[in-house]
2 protein chains.
Amino acid sequence: MNLENFFDPKSAAIIGASSDKNKVGYSLVSNLVGGKKREIYPVSIKEKKILGIPAFASVSDIPSRVDLAIIAVRADIVPQVLSDCGRKQIPNAIVISSGFKETGFAGKELEDKISSIAKEFDITLLGPNCLGVINTKTDLNVSFSAQKPLSGKIAFLSQSGALGTALIDWANIQGVGISKFISLGNESCLTEVEFLEYLENDPDTSAILMYLENVKDGPKFLETVSRITPKKPVVIIKAGMGSHGNLAVMSHTGALAPEASVFVSACKQAGAVTVSSLRAFFHLVKVLSQVPDINVPIQQLIVLTNGGGPSVVAADLIDRSHSLSLSILSEDMKESLQKVLPPMAAVGNPVDIIGDALAERYDKALEILSADENADGIIVIMTPQMMTQAKETAKILVKYNSRKKIFPVLIGGSSVQDGRLELINSGMAYFTFPRDIIESLDYLARNAPKIKPPYGHHGNSTGPVSGNGDMMEFAGALDLLSKYSISVSGNFLTRKEDLGKTLESLGAGPYAMKAISKEVIHKTDTGAVRLNISNPDEAGWIWEELWTKIPAVKGIVVQKMEKGREIIIGMKRDNTFGPTLVFGLGGVLAEAIKDTTLRIAPVSKEEALKMMQEIKGIKILQGMRGELPVNFDSLADIIVNLSRLSLEHPEILEIDLNPVIVTDSSATIVDARIMV
Amino acid sequence: MNLENFFDPKSAAIIGASSDKNKVGYSLVSNLVGGKKREIYPVSIKEKKILGIPAFASVSDIPSRVDLAIIAVRADIVPQVLSDCGRKQIPNAIVISSGFKETGFAGKELEDKISSIAKEFDITLLGPNCLGVINTKTDLNVSFSAQKPLSGKIAFLSQSGALGTALIDWANIQGVGISKFISLGNESCLTEVEFLEYLENDPDTSAILMYLENVKDGPKFLETVSRITPKKPVVIIKAGMGSHGNLAVMSHTGALAPEASVFVSACKQAGAVTVSSLRAFFHLVKVLSQVPDINVPIQQLIVLTNGGGPSVVAADLIDRSHSLSLSILSEDMKESLQKVLPPMAAVGNPVDIIGDALAERYDKALEILSADENADGIIVIMTPQMMTQAKETAKILVKYNSRKKIFPVLIGGSSVQDGRLELINSGMAYFTFPRDIIESLDYLARNAPKIKPPYGHHGNSTGPVSGNGDMMEFAGALDLLSKYSISVSGNFLTRKEDLGKTLESLGAGPYAMKAISKEVIHKTDTGAVRLNISNPDEAGWIWEELWTKIPAVKGIVVQKMEKGREIIIGMKRDNTFGPTLVFGLGGVLAEAIKDTTLRIAPVSKEEALKMMQEIKGIKILQGMRGELPVNFDSLADIIVNLSRLSLEHPEILEIDLNPVIVTDSSATIVDARIMV
């Protein structure tokens, strides 16, 4: 698939071109003309000349070859225009026009129509209902964005047009550039995946930011992102995290893996950075413009300041971050600082060169601090004091930025404006508050050091989940699990005659008995589970009781009671990403606080071992108060086997292995349920 | 104590005045002269005239009465100057000079000296090492801040001077004003408490913001804040949350109540809003300038937007906030919207009036939405599209702001700048990202609806905690607890002869036995606790074992084993705020995730009942899976009694009641330890 024509077409036709400055058809021509020299063919049924360029009544009339068609006509005319483009053998088209599936059923039909025309004529199509494409490298603006972005190394893929223009407008005044902007629109043909594949190998792009509302093909998306993240950072803001309805949840596992958490886990697993606010997202554009290679993590920081208060706040934020810390200055370094700084300066970290610091004092401190090999970067905080030299200080920061990464935080307003402009003009980003840079660095560092993402190919297309949510027959479930070496403890009996022999084979008690019935889900709620049964006589009485009292009882599971730590392992098939493995602590508290961790299948053993370490109550499994650690290896085997099973059985919606009792030597699955 | 002279002196002397524009002594005079007409007396040993005003060689030479002395001379001369002021009977003084306790031991001595001079002459003194005071209402700037703040209703008290200037500088370009700015400096005499008391009754101040690094008198501070918050919002940023060392922690309770958490709990209890980043803090200045009365909470929100993406992000943030929600629009309202908006607009909430919205469309939508009685406010998002009318739209927002609170979010840069300026000029605040306003509203709403803070007087001055951390003898501990109606289960035996009779009195087993020894803290780690003892014989063997194996055993507690939910209740004496009550779930998971809630004593029964509801695992106590709720009443009694005990026994550092076993009918304290 050739996307090159979207980013550097030699010739382009604008269908729906106009001389009316209030129309999109004007902005499109004017933006194209404003860029690098190209063959430009306005197409209009009303006008003969647009912006001084001869216009054609139809694309068919254009005498030369056209690389790219840009369509901005009324929605109902688009099919006709697109067919014309097809006959003219135009390989690429952008449909700017709206009025398609975003408007409802009739629009959806119209959109299907243009999809099939595109397919028929082999047109690679972006849109409809999009803002277009911008490529700063080739000076191409195929959009109706009023603002022209600055040139930079960050690509921005967006399912929201509004956000695209807002980001460009904001980035411009912050002095931050982008490489390419792609407004994805309705994605009737091309989706985020094709553009990701293009950007993967785009030498002009060193980082990719994406605004997403939905993902068409979850597995393909993850596979692509996984391939890119070891080379280029990918930052994702996913909107609609709270508002998606979930399938009715039938199992514990289901409740523990809501769609929003699965999305975040999946992206993380693929090595991407996910953020939840636009502020954080926009600031990451700034930070990435300064730190193109997140494979060299910035975690150890020095804070240099002319004001105590803000530096203490910054130190607190670093302290409470997930992955950043204040680097420890050597005694030698402190001594050197003391020699050049006034006696009231603080030479710990934060280094406080106090309120009357002129640019020269920043210079002296940075001369020493920039040589610190332990520090990955220096956050320099400047507050406007009476004597503060904002512009001169900014020049000093630019000077040292090549030696050690400098992140300037200029708190205030007009008093520091000079300094901000100086930084922008020198290609450096500035921040207004410590949190802006600290939060951004923390987002990036959480993904470092990079570990090869474990996500790989698998044959299953997920598609929308379509099961009925029926519970699989208990015996059948056990059978299926055992084929994947997942053995559930206990014996499923349907005749009381077998009870005695079974108890004998289990050895000494206490035993547990559970009535199996479709109508009873949380067995402990209803008396269907009986524990601490000490002898065969007691077991006999309980058999009678269960058999008569539990509705629709199919049989009774008899097992020896296990002692150990309680775990839940499960699988839930996510609408977008398919089988999602869930691992968590069992018991009521763990359930109440949802202490769980997720992974999209396939999960390798290495990854399974890693995911278990993420739960909040991990100390319990590592062994508190002299206990031995649990057998993580056995648990990992269960996860890996469950991963395999769920990939090979797309008809299964949810699986609960709950509880799994784990000791230092083994893991026993006490109960299992499968929903199809 | 008269603070009025700090805010509106009729006459002021500047000691250390200067004509050199680079000196603080110049800025002080020039800032004073720039304000309302006052008698101004520069004092300089070098100059005869400063800024055209005759200067005096000493305050003693000033012929008239002086209300306020502003001292900006070298630190070592301050005592002499202050004595002169005393003899001249100047009632109030601000010491701007630095070089006192912030510089070490010698500076501390100098500071003690000026404190005692102030006391001797009855001078009410602010500083030293401070920036001074600004009062916009009386046009007074007794500081060397280069920027003059705009007038507003928010007071800012700061222990950091740098932050003061930064906030003023920032607020100015945001069009946000303040009423008073007070730089607290080293607080050698006046502290935050005296100024809080002043601001409590200041008619020009409707909200108070504070930057704090430490609090001198915790109980007094809380008492004052508690009194103010029902009338005026108090917002606190406390720096140094992560870096304070703790006392060596001896008990479970100690580990569960680190100093930073106690501070946040204490402020919350007093009704204040605490934030952790400067960005959030600064944005609250903006929001409070728009919403002076937080007792009318803003929780139900409408989002109106011209761009789908940003509104979805905003809706997500509202969804995930603690206390905000999207209000549900009535069908009538939706119909009205549909009539005036284009067919592609979305009339749910968010209301999306789409990218080509001109100001007129905002007008039509707001005409309808501002009449919604369910909504407390409307967040209006504007992204820069080709046709967006930033300025005209801003005018529309100003128009409706009087009918329904409008929070404008103008995402972008230069394209929306016109609109931002229009808002500022009309006295409205704007925001750049949805998070800025949503986070701020969430901070405020979390404290609403206001409940009378329970914090009251108590006679104990806390002072630094000074105990040795010794464990109190077990029998003594039990004795003390029982005086406060806190009875610990079990019998403390020191002779084996008493074992049989004791077991008999307890009734049927199983029993538990615990060896009491100073050397053994976590008893379960070492075999000092033995559970599930079924009969007197077994108890006899275990007695022997404990008595021989446990080091330094003092006795053995024998008790009947209780079944129920496990709780920990405790007290830790905080350095700043004194006795802090801790309530949490027991058991290893609860300990691993620190599922606890805190309150500063005294704690009323009502408050005790409320605090228990805050733990994450509250469902467990409310009864999951058909269990009855626990007896919250008995637990609350224990908390209240422990609160009383800890106030009356300042020698006690920490108390652990752990575990407390609670059922639906009663609460049994199984073990107790007291550290003095």
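**A:Pro602 sits in the loop between strand 26 (596–600) and helix 22 of chain A.** The peptide bond joining A:Ala601 to A:Pro602 is cis, with omega about 5 degrees. Helices (H or I, at least four residues) and strands (E, at least two) are DSSP runs, numbered from the N terminus. The model is predicted: local features need pLDDT of at least 70, side-chain atom pairs count only at pLDDT 80 or more, and totals for chains, interfaces and linings use all residues. Residues are numbered from 1 along each chain as its sequence is written, chains are lettered from A and ligands numbered from 1 in the order in which they are written, and side-chain values use heavy atoms, with hydrogens and water left out.

**Helix 22 (residues 605–612) of chain A crosses helix 24 (residues 632–648) of chain A.** Their axes come within 9 Å and cross at roughly 115 degrees. Axes are lines fitted to C-alpha atoms, for helices over the stretch in contact; angles run from 0 to 180 degrees between N-to-C directions. The crossing is right-handed: the near helix is turned clockwise from the far one by less than a right angle. Helix 22 of chain A contributes A:Lys605, A:Ala608, A:Leu609, A:Met611 and A:Met612 to the contact. Helix 24 of chain A contributes A:Phe632, A:Asp633, A:Leu635, A:Ala636, A:Asp637, A:Ile639 and A:Val640. Contact means heavy atoms within 4.5 Å. By class, the contact has 9 nonpolar, no polar and 3 charged residues. Ala, Val, Leu, Ile, Met, Phe, Trp, Tyr, Cys and Pro count as nonpolar; Asp, Glu, Lys and Arg count as charged; the others, Gly among them, count as polar.

A:Val347 counts as buried because its relative accessibility is 11%. Buried means under 20% relative accessible area, exposed over 50%, and partly exposed in between (1.4 Å probe, protein chains only). Beyond its neighbours within four places in sequence, A:Val347 touches A:Leu329, A:Lys334, A:Leu337, A:Gln338 and A:Leu341. A:Glu331 is 16 residues away along the chain, and its C-alpha atom is 9.8 Å from that of A:Val347.

**A:Ser321 occupies the loop between helix 11 (308–320) and strand 16 (325–326) of chain A.** A:Ser321 is buried, at 14% relative accessibility. Its side chain reaches the backbone nitrogen of A:Leu324 at 3.0 Å.

**Strand 11 (residues 180–183) of chain A has buried residues pointing both ways.** A:Lys180 and A:Ile182 point one way, A:Phe181 and A:Ser183 the other, and all are buried. In a regular strand, side chains alternate between the two faces of the sheet. Strand 8 (residues 132–135) of chain A runs antiparallel to strand 11 of chain A, joined by 3 bridges. Here A:Val133 has A:Ile182 as its bridge partner. Strand 10 (residues 154–158) of chain A runs parallel to strand 11 of chain A, also through 3 bridges. A:Phe156 stands opposite A:Phe181. Two strands pair if DSSP finds at least two bridges between them.

**Chain B contains an open sheet of 7 strands with mixed pairing.** The strand order is 9-8-11-10-12-13-14. Strand 9 (140–143) and strand 14 (273–275) of chain B are the edges, each pairing on one side only. Neighbouring strands are turned by 15 degrees against each other on average, direction ignored. Strand 8 (residues 132–135) and strand 9 of chain B pair antiparallel over 4 bridges. B:Gly132 stands opposite B:Ser143. Helix 5 (residues 161–174) of chain B lies across strands 8, 10 (154–158), 11 (180–183) and 12 (207–212) of chain B. This helix runs at about 155 degrees to strand 10 of chain B.

**Helix 2 (residues 24–33) of chain B is largely enclosed by the rest of the structure, because 7 of its 10 residues are buried.** The buried residues are B:Gly25, B:Tyr26, B:Ser27, B:Leu28, B:Val29, B:Asn31 and B:Leu32. They pack against strands including strand 1 (11–15), strand 2 (39–43) and strand 9 of chain B.

**B:Asp122 and B:Ile354 have positive phi values.** Neither is glycine. B:Asp122 has phi near 60 degrees and lies in the loop between helix 4 (105–120) and strand 7 (124–126) of chain B. B:Asp122 is exposed, at 62% relative accessible area. B:Ile354 has phi near 55 degrees and lies in the loop between strand 17 (351–352) and helix 13 (359–369) of chain B. B:Ile354 is buried, at 17%.

Methods
A polar contact is a pair of N or O atoms within 3.5 Å; within protein, one must be able to donate a hydrogen and the other to accept it, and residues adjacent in sequence count only if both atoms are side-chain atoms.
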